[in-house]
Amino acid sequence: MFNMYDFVNNVLVPAIVYSNIYALASIGLTMTYITTKIPSFAHGDLAAVGAYAAFYFLYFLYGGIKPGYVYLAMPAAAVAGAAAAYLSYVGVFRPMIRRGASITVLMIASFGLHFFIFGTMSILDSMAQAAYGWTTRNYLLAPGEIQISGLTQGQTTAITSSVVLLAVLAALYYLLNRSKFGILMRASIDNPPLAKALGVNVERVYAMSWLIIGAVTGIAGIYMAMIFPVTEELGWLRLPVIFVAVIVGGLSSIYGGVIGGYVVGFSMVLGFNYVLNPLGLPPEYELAIPFAIVIIILLLAPQGIAGLIASRRRA
């Protein structure tokens, strides 16, 4: 018999939380591809940087993870993610792009960058654990969530993550459509040679874009750390699903990435509860569901959901 309470708490709430996490992470990866055409394998590490930045912020300033304090650490996560993304672009990708590196070479470079960031975080975590005795691996930021009377922690996270996602989308909409930077960014993306001829510093625009990419992904890392145990591989282990969300939504649309995040998030939770669980299959098979969806989407709409919507509007 259908139970509404169980459906809300065991299906709807987790689906919303997962969807918001993957939507936030997909925004950054989509912007990475739009600006520099790099499907970066180091993108997930920006989320891990954000999660660890929040952890260190809370422990250094407040001595631990206390209810509601995780939102005090959100600016630190955004700044750390932005710094890591900016340095990645300026220190690795921009010099290679100047030398005419192909997309394949840039992808391989991003793979190497992943291991560099992973190794750096591992060293810092080991040093912090040795110096302060902190548990710097396999922890959760969930205790730092705010507490709302009458709501479970999962319900609260579903609400707060939705609010944050909407705030990010609103800020991006204003930035890209109502600001001078948005005009310069769209010009740099649509026709870089023409933008350069008109005096636009395309590389500076891309660098600023990577700051935004890192900030949004760092925030996504906080919500990942509320659900998944934090290690240096926090974002790396979620990267395949983030790629699926971006491809499903459409590689050329930020808002398509949000749609893809919701398709992936709901499909994973619904698939586990109504397909895998009744069949007695382990949750590891959960990943097969979004990958099956991306195959179907690519067969029916190679440009992704956002591209399909745009083409129908033009028709």
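In the predicted model, the lining of the second largest pocket comprises 14 nonpolar, 2 polar and 1 charged residues. This pocket has a volume of about 360 Å³, and the elements that each contribute two or more residues to its lining are α2 (43–62), α3 and α4 (103–132). The largest contribution is that of α4, which supplies 7 residues. Of the 17 residues that line the second largest pocket, V49, A80, A84, I117 and T120 lie nearest its centre.

The largest nonpolar core consists of 93 residues, within which Y22, I27, M31, L141, I222, M224 and L234 have the most contacts. Helix α8 (residues 202–227) provides the largest share of this core, amounting to 16 residues. For I27, one of the residues with the most contacts inside the core, the partners that remain once neighbours within four places in sequence are set aside are L165, V168, L169 and L172, together with V216, I254 and V258.

Confidence was then considered for the chain and for its elements. The mean pLDDT of the chain is 90, with 97% of its residues reaching 70 or more. Among the elements, helix α3 (residues 74–98) has the highest mean pLDDT, at 96, whereas helix α12 (residues 304–314) has the lowest, at 69.

Definitions and conventions. Residues numbered from 1 in each chain as written. Predicted model: local features only at pLDDT ≥ 70, side-chain atom pairs only at ≥ 80, totals over all residues. Heavy atoms only, no water. Core = buried A, V, L, I, M, F, W, Y, C linked by side-chain atoms within 4.5 Å. Buried < 20%, exposed > 50% of the residue type's maximum accessible area, 1.4 Å probe, protein only. Helix = DSSP H or I, 4+ residues; strand = E, 2+ residues; numbered from the N terminus. Contact = heavy atoms within 4.5 Å. pLDDT = per-residue confidence, 0-100. 1 Å grid on protein atoms, 1.4 Å probe; cavity = no way out; pocket = protein on both sides within 12 Å on 5 of 7 lines; lining within 4 Å. Points joined across faces, edges and corners; volume = space filled by probe spheres on them. Nonpolar A, V, L, I, M, F, W, Y, C, P; charged D, E, K, R; others polar.
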